[in-house]
Amino acid sequence: MHNFLQYLMLASFLACSFFVLYRRRTVRYGLIVRDEQGTVLADGRQGLETTFGRSRNADVRLRDPTLSRQQAVFRYDAKSNQIIAWSKAGEAGAARVVPHNSPRFSLPRAFSAAYAYGSLVPILAAGFLLLRMIGAYGEFRDLTVLLPFCILLVYLILSTAVRVDHVPVAEAVMSILLTYYVDATLYLGTPVEAAVGVGLYTGCAILAYWVLRFHFCETRPVLRTVAVGAALALICLNLLLASDVNGSYNWVRLGSVSFQPSEAIKVLFAFALVNPVRVSLTKWHKILYFAVFPAICFGYALLIRDVGCLLQLGVIYLAAIVLQEDNPLISLCLIAFAIAGCKLVLLVSSTAASRYLGWRGNAETSIWAALTGAGAFQSPYHYGYQSTRATIAAFQNGGLLGNGSIDVLDGVLAANSDLVTGLLAQKHGWPLLLFLLLLYGLLLYSVMQAMGQKSKFQQTLTALSMTLMVFAMLLNTGGTFGIIALTGVVNPALSDGMSAALCYGTCFGILASSGLRRSYRVNLKGESV
Amino acid sequence: MRRIKALFLALGICLAGFTCCLLGVMVRQAKELREQARISVGTGLLEQLTITDRSGTPIYDGSYSEEELTRRSTFHIIGDLHGSLPNAVLTWQQTEATTLSFLTGFRSEAQTIQLTLDLRLQNAAYSLLQDGGYRGTVVVLDYTTGDVLVMASTPSVDAENPDNYEDGSFLCKALLAYAPGSTMKAVTAAAGLEKDAAAAEAFAYTCGGFDDYARCADTTAHGVQHLRDILIHSCNCGIGAFARALLSPEELNEFAQSVHLLDADIPCDFPGQASGHLDAEDDLTWSAIGQSTDLLTPISLCAFYGAIANQGVWVAPHLLTDTEPVGECIIEQTTAQYLADALMPVAANAGIACSAFGKTGTAELDDAPPHGWFIISLTDEQAPPYTIAVFLENCGGASYAKALLAAFTNQYLLGGDVS
């Protein structure tokens, strides 16, 4: 019954969120607001909706006690080439506005309704969290199991309270996914470990969001420099201190703490590849950031024999080049190199090669058959047995509503990390997998819609983060069910483990940041406050 | 922004394509793995399963017993978690007793299984076999209810250490078919008595140690014998002549079939075991003696001798206490009484410490030492209604089986505990 209610809540959340986002798809464009020095504070051409008023959260704060908290809202409608203004008092606030081309003013229909039903998103997400909290308590009968859910509720409330007009879709999706992270952690761990993991996720997300609020992050190469330095330090640490775990050297033990530096290096790699706005790179800078540094990272991934990490770094690199490189020839050459690189990996890594051959089966196996799990992965006890067991757990043992009493993955290595989707589908039913994919689809849609409001720096960084997460999710789930000939990649926000929290928590923070507008505060006379 | 939108669109297409592949996995691969799923899932179910003997002593309680003796002695009955023994209790639980629900996945029908086994006797029988270095089996049936109290077989496997085993360890000798030797003579006698009791009882034969069809052991001449004497002396020439006089090959074949000696469904709640074979067309004389191409399982012979003790009523052997006993009158009460009386001196000669009847058997083989058989049924009012069968493979003769059975019966069955 609990799983059925869970599906209902998820379906409601997804339907509501898609609807809200669809309705708000045109609520984007605003004005260009400059201060006295001519610096752009709010760039309406990038799609800001500019709010004026006495409120602290207003884009242009007018410190006039006679004005309303939300005195006026301006947005630019490209189709009609108009600046559409809305005001409680029936007139625009007194602020300098730089219109695009030759605007005409008109009063639009009231759009507050767009914000009203937007509040359903966090409400439904909170309802889902409460439902999962009740389910967890019913299963474990331990009050400490409520702790991670409380952290998630607080995070959701904070993200909703940041701005009145903010619809926290990314934050809600992250919170929902993390409830399953709690499930995965509790499979072999304690509620305190789950709470620490959730805290790490939300902490990294909040930190990333907070850092990206600062304007200098976009205009100066500070983040890039820090990212490169940190990545190189972690690479050295990994290569010096790592021990062999299942054929890979990507675990470092410091005292009682073990972590995977490669997880943090993935997100640092993304930061390093994004060009700040209005900063021209010299030729040597380009070679350093787009050739030398990536080569070091790829070589590192090969040395530690982590093919999953290598693939993820490769995809981030390709995306960064395609998004930022204006020369199509260079882009095509790099794509071709990446495809050739996949073959190179199979030549270099015997483990990857044997696994690929096992996945592919014999020469007559069609690609569709291989993608849907043909080949040698047919035995629950021999080579490929992890994928077979996970498939059995999800699609046979899980049923439609989950099997809470029988565990096919008991004793199977990495059941709650690499095979987490099989484990969760076993517990909650195989439709959960479809809902998880829909949640990623929702995240994709919301981020794509919100990104139009941001600078090119943040757009690129957001796109790379989204690519990293979606690719990791595909690798993890695909490897779990034998669709892809790879295991060892954790699922963002689902798999047990603290190392992934650093990477994907940061990614979630970047995604959340893309949906949240900054406020620019000027006084009535146009002076910065 | 256009490039970013294109990238996001590509990611969305990947997600959609991946969803199709996932649904493809669910339909295609999951269907192919359904049978393997039962075994894998069954392994999880087995952690919730308890198997006990008839007194409630756990044999398996979510995991194997901590005692190696128990693990080895019961291996052929309960099996292992990997389905190595297709007709064992754990394999049955994983497959037959496991149902698949579309809503909630796999469910098991039973949480506790009580066997008819007596663990104390089972361990004792296994210990005697193992200590004697024998490859063989001991079977004990309650001939009134069909309960299988003992079904021990050596060599066996330690389920906790399955990689360390001898050849043939996975085979339960109680359920395999072997040349029955002279234990077949009671069957031949019963067939003749059922056909024409008067003629059978009046039958007489003068044994000179050998004739044109057969020879007795050591060509011992037994002299003038009636059927009763033929059984007591285990006279090959006499029983061969008896079969030729009263029976046709077809009649002997049909009789063996009718008294369940050739059934594969024994125990009846774990069917699919090896079936016996008997074709008197090849050589009626030697088939009647228990050689030729005769192959019978120890448990089926045990059940037959139990039917003799049970006044002609054969009760299907079973391992689960939940199984309702199925009785069938396979021979006349008078036939049963005649055979029991005739075979009493054999058991007495073996030193059994109570009233019983039985038959030895030495199954000759071409290129190996003979097998040894001894089967008895207890008829004493103070003793439990049990039939005990001992079969020892290539042991050299019935005397070894006789000694082991006597030791087991006197020491453990009729008194004393397992040390």
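Author: In this predicted model, strand β13(B) pairs with strand β14 (residues 386-392) of chain B in the antiparallel sense, over 6 bridges. Within β14(B), Leu392(B) is the bridge partner of Gly372(B). Strand β12 (residues 356-363) of chain B also pairs with β13(B), again in the antiparallel sense, and here there are 8 bridges. One of the pairs involved is Gly358(B) with its bridge partner Ile376(B) in β13(B). In general, strands of a sheet pair through backbone hydrogen bonds, either parallel or antiparallel.

Strand β13 covers residues 371-378 of chain B, and 8 of the 8 residues are buried, so the strand is largely enclosed by the rest of the structure. In a regular strand the side chains alternate between the two faces of the sheet. In β13(B), His371(B), Trp373(B), Ile375(B) and Ser377(B) point one way, while Gly372(B), Phe374(B), Ile376(B) and Leu378(B) point the other way, and all are buried.

Chain B also holds an open sheet of 3 strands, in the order β2-β1-β5, with mixed pairing. Its edge strands are β2 and β5 (112-114) of chain B, each of which pairs on one side only. Neighbouring strands of this sheet are turned by 10 degrees against each other on average, direction ignored. Strand β1 (residues 50-52) and strand β2 (residues 58-61) of chain B pair in the antiparallel sense over 3 bridges. Ile51(B) has Tyr60(B) as its bridge partner in β2(B), and Thr52(B) has Pro58(B). The hairpin of β1(B) and β2(B) has 5 residues between the strands, and in it Gly56(B) takes a positive phi near 95 degrees.

Most residues other than glycine have a negative phi, and most peptide bonds are trans. Thr154(B) and Pro155(B), however, are joined by a cis peptide bond, with omega about -5 degrees; Pro155(B) lies in the loop between β7 (148-153) and α6 (184-195) of chain B. Thr219(B) is not a glycine, yet has a positive phi of about 45 degrees. This residue belongs to the loop between β8 (204-207) and β9 (223-226) of chain B, and with a relative accessibility of 43%, Thr219(B) counts as partly exposed.

A positive phi is found in chain A too. Ala493(A), a residue other than glycine, has a phi near 70 degrees and is placed in the loop between α18 (456-480) and α19 (499-514) of chain A. Its relative accessibility is 0%, so Ala493(A) counts as buried.

Two packed helices are described by the angle between their axes and the distance between the axes. For helix α4 (residues 147-161) and helix α5 (residues 169-188) of chain A, the angle is about 175 degrees and the axes are 10 Å apart. Because angles over 145 degrees count as roughly antiparallel, α4(A) is roughly antiparallel to α5(A). On the side of α4(A), the residues making the contact include Phe149(A), Leu152(A) and Leu156(A), and on the side of α5(A) they include Met174(A), Leu178(A) and Val182(A). The residues of this contact divide into 9 nonpolar, 3 polar and 1 charged. Helix α5(A) is mostly covered, with 18 of its 20 residues buried.

Helix α3 (residues 120-140) of chain A has 21 residues and reaches 30 Å from its first C-alpha to its last, close to the 30 Å expected. Among its buried residues are Leu124(A), Phe128(A) and Met133(A), and the buried residues of α3(A) pack against α1 (2-23), α4, α5 and α16 of chain A. Just after α3(A), Arg141(A) takes a positive phi of about 55 degrees.

Helix α16 (residues 420-428) of chain A contains Thr421(A), which counts as buried at 2% relative accessibility. Leaving aside neighbours within four places in sequence, the contacts of Thr421(A) include Leu433(A), Phe481(A) and Leu494(A). Gln312(A), in helix α11 (residues 307-324) of chain A, is likewise buried, with a relative accessible area of 1%. Gln312(A) and Leu468(A) are 156 residues apart in sequence, but their C-alpha atoms are 6.6 Å apart in space.

Definitions and conventions
Residues numbered from 1 in each chain as written. Chains lettered and ligands numbered in written order. Predicted model: local features only at pLDDT ≥ 70, side-chain atom pairs only at ≥ 80, totals over all residues. Heavy atoms only, no water. Pairing = 2+ DSSP bridges. Helix = DSSP H or I, 4+ residues; strand = E, 2+ residues; numbered from the N terminus. Axes fitted to C-alpha atoms, helices over the stretch in contact; angles between N-to-C directions. Buried < 20%, exposed > 50% of the residue type's maximum accessible area, 1.4 Å probe, protein only. Contact = heavy atoms within 4.5 Å. Parallel < 35°, antiparallel > 145°, perpendicular 65-115°, else oblique. Nonpolar A, V, L, I, M, F, W, Y, C, P; charged D, E, K, R; others polar. Expected span 1.5 Å × (residues − 1).
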